[in-house]
Amino acid sequence: MGKVVVGAAVVCTAAVCAAAVLLMRHKMKNSGKWAKAMDILKEFEEKCETPIGKLRQVADAMTVEMHAGLASEGGSKLKMLISYVDNLPTGDETGLFYALDLGGTNFRVMRVQLGGKEKRIVKQEVKEVSIPKNVMAGSSSDALFDFIATALVEFVATEDDDFRLPPGRQRELGFTFSFPVKQLSIASGTLIKWTKGFSIDDTVDQDVVRELTKAMERVGLDVRVAALVNDTVGTLAGGRYNNPDVIAAVILGTGTNAAYVERANTIPKWHGLLPKSGDMVINMEWGNFRSSHLPVTEYDQSLDTESLNPGEQIYEKMISGMYLGEILRRVLCRMAEEASFFDDYVPPKLKTPFILRTPDMSAMHHDKSADLKVVGDKLKDILEVPNSTWKMRKIIVELCDIITSRGARLSAAGIVGILKKLGRDTLKDGEKQRSVIAVDGALFEHYTKFRNCMEGTIKELLGDAAESIVIELSNDGSGVGAALLAASHSQYLGLEES
């Protein structure tokens, strides 16, 4: 009996020992996993750092590139495109005008009834349409513009009695086209290249107004395109309509760009007559800014290499809504492969480029629940990771913070670069000039931590001078702005409404 008991005890002890060894190994493996994951996080954080000295260098580099881009065509990575807009809206505009806003994965059609200084915008209606991926990339120019024209003709058909087009008049439209264009006049321009996931070869070097006009003719729609503007120029126009102190506009959405009001006599590459206003709106195309001072990581480099436009839009790929979630995915991929972050497998969904969208990243970053439930739900719903620990979720939130802070702080440095170019980055004795930057885009509007960080960084960079700088959300500025610019360039300007 004693032997049996002893034997059982020996067996039992051996089993316990084996279990203990397994547990110890599991703990060691687990601690090794977290140590490796934390090493990757720490290395990423260090490479993304944006101390104030580095940001000042980025702002200075932006100013230098602005000067170079204004001096000559091709003189800078910043195209500094002349928009041909030399008169921004005043508030006197009246009548019915349409706007088409194409600048990302969705486009918007809009109509606006303007009532002059007293009534301002009497009424407006908007419809948003999603562009199928097969139309955005690899299709033909006709396929894209026919898709847009069809949506536009359907929208015009829903016009009611609140919108008045005087008899015998043609409808007029402002076309916001948020891609690099060589502007030829206020209502014509050729596409330089696609960005933001678009890739349709036969549109490049074509006049996009002519492409749209032909498509409208094909669907029997009689509309004159009165103004071709970039979304940022549209936002600037909409911002100025509401606030005469607006001097620049920035888009922070799917993509990013900036436009501002320059003195025409400071543009060496402008060879036309100086406009009566003395002003000229410049479309910077700042997404293509690059500098040795930008904190580029291996993840940014691989994202760029595998993108549709390698070597281009480096600044945009570090700060805009299309790319922030993708940077997060790439870091998580490395953690999964090298640190067994998701235990012993790499979630197959994690291998899908752009599966983590910036709105999902924002939801995880803003998760205030004690157990970070939102993060867990997103991992389950998007990456099909059924179980995630609090520690895992916390690391993901930290990664969101690193990526977003870098993007927001670099955006702030860009804005300060513009203010420096205009001499509005310091307080001048006895002068209380107010400088308003109109900002549009879902990234700025909805990603609260991004917005707060950007605004805080501008204050950090400018010190006391920040008191005279206002960052103002310009909701739907690009659409309304295009309609306003169509009004100020109407063929019926000066004619009384019948």
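Where is the place of Asp343? Select Asp343: the residue lies in the loop between H10 and H11. Helices (H or I, at least four residues) and strands (E, at least two) are DSSP runs, numbered from the N terminus. This is a predicted model, in which local features need pLDDT of at least 70, side-chain atom pairs count only at pLDDT 80 or more, and totals for chains, interfaces and linings use all residues. Residues are numbered from 1 along each chain as its sequence is written, and side-chain values use heavy atoms, with hydrogens and water left out.

Most residues other than glycine have a negative phi. Asp343 counts as partly exposed, at 46% relative accessibility. Buried means under 20% relative accessible area, exposed over 50%, and partly exposed in between (1.4 Å probe, protein chains only).

Next select Tyr84, in the loop between strand E1 (81-82) and E2. Tyr84 also has a positive phi, near 70 degrees. With a relative accessible area of 30%, Tyr84 is partly exposed.

**The whole chain**

Zoom out. The chain has 16 helices and 13 strands. Its C-alpha atoms fill a box of roughly 115 × 55 × 40 Å, taken along the principal axes. Of the 498 residues, 53% are buried.

**The sheet**

Select E4, E3, E2, E5 and E8, in that order. These five strands form an open sheet with mixed pairing; two strands pair if DSSP finds at least two bridges between them. Strand E4 (121-130) and strand E8 (223-229) are the edge strands, each pairing on one side only. Neighbouring strands of this sheet are turned by 20 degrees against each other on average, direction ignored.

Now keep strand E2 (residues 94-102) and strand E5 (residues 171-177). They pair in the parallel sense over five bridges. Look for Ala99, which stands opposite Gly174 in E5.

Contact means heavy atoms within 4.5 Å. Axes are lines fitted to C-alpha atoms, for helices over the stretch in contact, and angles run from 0 to 180 degrees between N-to-C directions.

**A covered helix**

Select helix H11 (residues 358-365). Is this helix mostly covered or mostly uncovered? H11 is mostly covered, with six of its eight residues buried. Those are Thr358, Asp360, Met361, Ser362, Met364 and His365. They pack against helix H10 (321-339), H12, H13, helix H14 (442-446) and helix H15 (448-462).

**Two crossing helices**

Finish with helix H12 (residues 373-383) and helix H13 (residues 390-421). Their axes come within 9 Å and cross at roughly 95 degrees. H12 and H13 are therefore roughly perpendicular to each other (under 35 degrees counts as roughly parallel, over 145 as roughly antiparallel, 65 to 115 as roughly perpendicular and the rest as oblique). Show the side chains at the contact: Lys373, Val375, Gly376 and Leu379 in H12 meet Arg393, Ile396 and Val397 in H13. By class, this contact has four nonpolar, one polar and two charged residues. Ala, Val, Leu, Ile, Met, Phe, Trp, Tyr, Cys and Pro count as nonpolar, Asp, Glu, Lys and Arg as charged, and the others, Gly among them, as polar.
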